[in-house]
Amino acid sequence: MFSLALLASLLLTCHRADALNNSVQKLPRLGYNTWNAFACNINSSVVLGQAQIMKTSGLLDAGYTAVHLDDCYANLNRTDGKIVANATKFPDGMKNFTNSIKALGFETGIYSDSGWLTCGGYPGSFNNEATDVETFAEWGFEYLKYDNCYIPFDSVTRQNELGRYQRMAEAIAAYAKKTKTLPISLALCEWGWQQVQLWGKTVAQSWRVDDDIEPFWSSIASIINQASFIAPQSDFYGHNDLDMLQVGNTVNGGNLTIEEARSHFTAWALLKSPLLIGTDLKTIGKDYLNILLNKEIIAINQDPVVGASITPFRWGINPDLVSNSSHPAQYWSGQTQTGVVFMLLNTLDTPAPLSFNLTESWAIRAGRQYHVRDLWAHTDNGTAVRNLTVTVPGHGVAALLLTDAGDEPASAGLENECAVWSQCSTHNGTRLDIPA
């Protein structure tokens, strides 16, 4: 039988590995990724154009400091054992491309695969890990998104999924040691959330939790549902990656409403996912751009003091711990360096009041009142005592920051001595929750 003592030992071992292996990307990555907006239709002009918009629109100043090149940048075959950038797409070479991106003030990221080929059919890195790390570093990249397509036969690898990713992690570490440089940050794109949560931190800074995101509410809700069960795995040593931000993305006929886009962004940010924009910024509307520019929400994602994700304290529509891709957990909370943040998610199609007792959150102290800050309206909304009710639009979200405002006021007219009435008693043991 699997014992709790053994589980605790395994988790402790993982966290020891965390501290050793993951000193590069302490905070979730903020930036841009080319795949969801452009897929293989990329070239240096397209990507530089997106980077320039990021700078002029305020996204760089808001914290989106990286530009990531995804699949399809290379020739279909290696030359002398090395991946070669496609000269038609990158006529000035990859090093000049990264220099141009960095001149705008950004870091850079690139893509490869743990199999024979990338998902787009270009050279993967299996059995070429050391060579490819050297190539990516010489090109000027600091980050590697590492995919999971075209897996070699078991008789070739003699490894499981973790073993194939360890090959790249070890190649990165070896190159950094040899060159006395910072190691490239490694982000896993492997879709198997049931397993990677157990070992992701031992090899990488982030790991995907679900299949590829799509710009539809059903996809957003499904990913939040998956993430609700592994949210505690995100901290300074590694991050659940909920995939790219689809705010304002109209590819394949998709588009989230403003309320859905706010829910999407809020969940990704407060669950401490990397925030990588996957939208063509030339076509994004101002209202959607403003969602990406919410600095109060970004500040929690980038909190330098508290690395943990928010977690559900009540599911709401469904009983607690029930998996439902259409109706994920609705009531979430977590600590920040400035207070306790709450995310209230309405998964219904129509507006609904969401009510909770403050002390349902483990981070709230009983017997205290709290100032309420609305992180979307950017307003201070008075003081909450024991309970709070917010009406939330359909598929919408409320993001609230509660800060301690002192003891409950004597004038509050509270009927009960305890916020949680069960087992409430006097100092001499008299139970007050028993009917007279």
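Modeller: W332 stands opposite M343 in β11. The strand to look at is β10, residues 331-335, and the model is a predicted one, in which local features need pLDDT of at least 70, side-chain atom pairs count only at pLDDT 80 or more, and totals for chains, interfaces and linings use all residues. Residues are numbered from 1 along each chain as its sequence is written, and side-chain values use heavy atoms, with hydrogens and water left out.

β10 pairs with strand β11 (residues 340-345) in the antiparallel sense over 5 bridges; strands (E, at least two residues) are DSSP runs numbered from the N terminus, as are helices (H or I, at least four), and two strands pair if DSSP finds at least two bridges between them. With 4 residues between them, β10 and β11 form a hairpin. β10 also pairs with strand β9 (residues 311-314), again antiparallel, over 3 bridges. There, R314 stands opposite Y331 in β10.

As for cover, 4 of the 5 residues of β10 are buried, that is, under 20% relative accessible area with a 1.4 Å probe, protein chains only. In the protein chain, 54% of the 436 residues count as buried.

These strands belong to a chain with 13 helices and 16 strands. Residues 24 or more positions apart account for 72% of its contacts with a separation of 6 or more, a contact being heavy atoms within 4.5 Å. The C-alpha trace spans about 85 × 55 × 35 Å along its principal axes.

Note on methods:
Buried means under 20% relative accessible area, exposed over 50%, partly exposed in between (1.4 Å probe, protein chains only).
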